[in-house]
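Open the model in your viewer and keep the selection tool ready.

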Amino acid sequence: MDGSVFQDSFWASSPFKNNDEAEMGIAALAKGNFVTAEGHFQKALRANPRDIDALLGAGILYQNTGQMTKAREMYEAVLALRPEDSEQFVTWSSLTTRPASQVASVNLSLLESGGTGQAMAASAPGTMPGVSTVPLPGSGGVMGAPSGNVMLGRSAPTQMASAPTSGAGAMAEPMTIATFSGGDGNIVSRFATMKALRDQGLVTQEEFAQRRRSNLGALLPLTAPPPAAGLDRPVPTTDQISARLRAIGRALEMRAISVSQHAAERNMILDALMPSAPVVVANPAAPPKGLMEGADAVRRLEQLKDNGYVSSDEYARERQAIELAVQSTPTAGPAKPGAAAAPVEQAPKQMSEAKPAKPSGPQPAVHLASYKSEKQAMNGWTQIKRAHAKVLGNKQPEITKVDLGRKGTYFRLKVGPFGSGDEAKKICDQLKRARQYCDPTVMGAG
């Protein structure tokens, strides 16, 4: 069956057998001869601008070669002509036929979604890049494109389809996100998108509440459990995500995909945006140190409250935690009168008697991760050491148990010791460039 699409017998029985130019264009398209296929489609359209077969074939060709404006024009022309359901077009994944209007409608919806499924996979929190989407007509290859052909090598368009500017599909990015920058801006963008999806009816209130609750620690680091790791990664826009969800919903209604395919891709998109049950959680955030950091944390919290991302009760609890953290920050001051001077270690009497002393007390180190159990921490160290052997060398791990109150108990993985705090910072800089969390700290403090 695989080779039959390239045989004359298949085309002799195809729905295009009465249209020579369109038939030859589809045949060339199936073989990946894009230039030849385009020539046949253009000849067919010059002879008859209302040729459904040529319009749809050209739309598929343009969509698979990244010419999104032309592809949209072809699909819209097909829909404007309102072809009867008797006018069928081949869907190559199964070598069956579907109404031409259905093929044009599904492909146009997928084109407008901007390839969001693949973009979401790349930005999924707690996952490695490269996760693939469910094989949906139009996601790996446009509906109507030949299976196993070079056209399927294109996983996302090179030009982004313009987002809708009006109607139910329009949902502009909240302007308030601009007040947050960098990773924090990406986090807020995810929460804003989840709110928009709820308001548009694309997720239920229960789904919204569960996903928000599981990741609230990204907004309220001191009073909520740690969120999924990776929420600070860039994420597609609200328009792109909502368009993609609508596109797969429309494909399901038209039976272009199965219920299981729809559910799998929908869950992939939402989990990439904001996991309902994070597999990998972020390291607990450190409380602010000093008045300046405390003021920045309060300012950020007020912006979140003013823009509706946190409630008044959540705001009050987090603010109280910030103020307590600032009050408990030790401050250095002048020595009190009469205070005893710190004892000075006595030098050895003879150089020959001096022996290299093992470092005692706190030593510079780096904090690499936090886990829910000591066993997980040791397994984590094995993986991190293997991944970053050149950077960490023969440094040794130290696992310390930390009780964070309502946030639970965690086991911090530290590695060291290093010769100085500057060296530890340089190591962290190298690890961060390799996408490994790292924060300078001390080990051996007891």
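Accessible areas here come from the Shrake-Rupley method with a 1.4 Å probe; for residues, only the protein chains shown count as cover. This is a predicted model: local features need pLDDT of at least 70, side-chain atom pairs count only at pLDDT 80 or more, and totals for chains, interfaces and linings use all residues. Residues are numbered from 1 along each chain as its sequence is written, and side-chain values use heavy atoms, without hydrogens and water.

Start with the whole chain. Its accessible surface is about 23,800 Å², with 53% on carbon and sulfur atoms. Of the 446 residues, 45% are buried (under 20% relative accessible area, 1.4 Å probe, protein chains only). Colour by secondary structure: there are 16 helices and 6 strands (DSSP runs, H or I of at least four residues, E of at least two).

Next, select L197, L219 and L245. In the largest nonpolar core, of 41 residues, these touch the most other members. Such a core joins buried Ala, Val, Leu, Ile, Met, Phe, Trp, Tyr and Cys through side-chain atoms within 4.5 Å. Now show α8 (182-199), one of the helices supplying at least two core residues. α8 gives the largest share, 6 residues.

Stay on L245. Leaving out residues up to four places away in sequence, L245 touches L197, L202, R266, I269 and L270 (heavy atoms within 4.5 Å).

Then pick L29, Y62, Y75 and A100. They belong to a second, separate core of 25 residues.

Finish at β4 (396-403) and β5 (409-416). These strands pair antiparallel over 8 bridges; pairing takes at least two DSSP bridges. Q396 stands opposite G416. Among the 5 residues between the strands, which one has a positive phi? G405, near 70°.

How values were computed:
Buried means under 20% relative accessible area, exposed over 50%, partly exposed in between (1.4 Å probe, protein chains only).
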